[in-house]
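Hi,

Here is the structure I promised to pass on.

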Amino acid sequence: MAQNTLIVSNWKMNLNLINSRKLISKLKILKIPKNIKNIVCPQYLLIPHISDLIKSSQIILGAQDCHFEEKGAFTGDSSILLIKEYGCKYVIIGHSERRQYHNEDNSEIKKKIKISIKNNIIPIVCVGESFLHRQNKSYLNFIYKQLDECIPKKMKQLVIAYEPIWAIGSGLTPTFDDITEVKESCKNFLNKTKKINDVKFLYGGSVNSRNFFEIKDKCKVDGALIGGASLLEKEITNVLKGDF
Ligand code: PEP
């Protein structure tokens, strides 16, 4: 049986009601193989709308973040319980933009991962180094620290998204060897230190319909986390329709 490939659209803080409906209507009529999981992560206020629109389609709903508590006095935050009520199956956790603009640290990210597992929502955990870490060759140690401090032991259904910060939205991507090195290193590290064998490994950072298939083929990743290109109908449909 062909392995599942996860194509995760991270819409970030983009698209309004009309444009999101238009894009979803195109994604809904796409014929894609059963082993391709088309996961769409809209901003919170769009989730009820998209949840309605994707009923009886192959599209899977995800969220871009969640709070680490289920409820309480956390003005402006959103609960995993509502994410679950609206049918989300995945949640992106620890995106570098959350780390940078909301000062999320590894211990907070670990709590978010725990609350998502408790609620049967699969966390897509983002890790990745800055350009400086890449340049001074400390990138693996930086990523190991993220994994060590964020990931609970013996987790099931873990999805790691390797997103070098310098590759996000920049048009730059690491070499195939670089992606493969990080993938193998993360898997070994998680196996040794956390007793986790079942890991899906995604690549994210300037993925588009021109580079995705080569990355998938050469690096043997389980899919991609796609930002900018996921907003463009042609780009994302070409990725989803592609030759897997
Ligand atoms: C992201 O931020 O998750 C991302 C992958 O962005 P982009 O594809 O635009 O680089």
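Which side chain has an N or O atom 2.9 Å from an oxygen atom of the ligand? That is glutamate 163, a polar contact (a pair of N or O atoms within 3.5 Å). The protein covers 95% of the 290 Å² of accessible area that the ligand has on its own (Shrake-Rupley method, 1.4 Å probe).

Before you read on: this is a predicted model, where local features need pLDDT of at least 70, side-chain atom pairs count only at pLDDT 80 or more, and totals for chains, interfaces and linings use all residues. Residues are numbered from 1 along each chain as its sequence is written, and side-chain values use heavy atoms, leaving out hydrogens and water.

Around the ligand sit 14 residues (a heavy atom within 4 Å), and the closest are Lys12, His95, Gly169, Ser206 and Gly228.

As for the fold, eight parallel-paired strands close into a barrel, in the order E1-E2-E3-E4-E5-E6-E7-E8. Strands are DSSP runs of E, at least two residues, and helices are runs of H or I, at least four, numbered from the N terminus; pairing takes at least two DSSP bridges. Strand E1 (residues 5–10) is joined to E8 (residues 223–226) by four bridges, with leucine 6 opposite glycine 223.

Cheers

Notes: A polar contact is a pair of N or O atoms within 3.5 Å; within protein, one must be able to donate a hydrogen and the other to accept it, and residues adjacent in sequence count only if both atoms are side-chain atoms.
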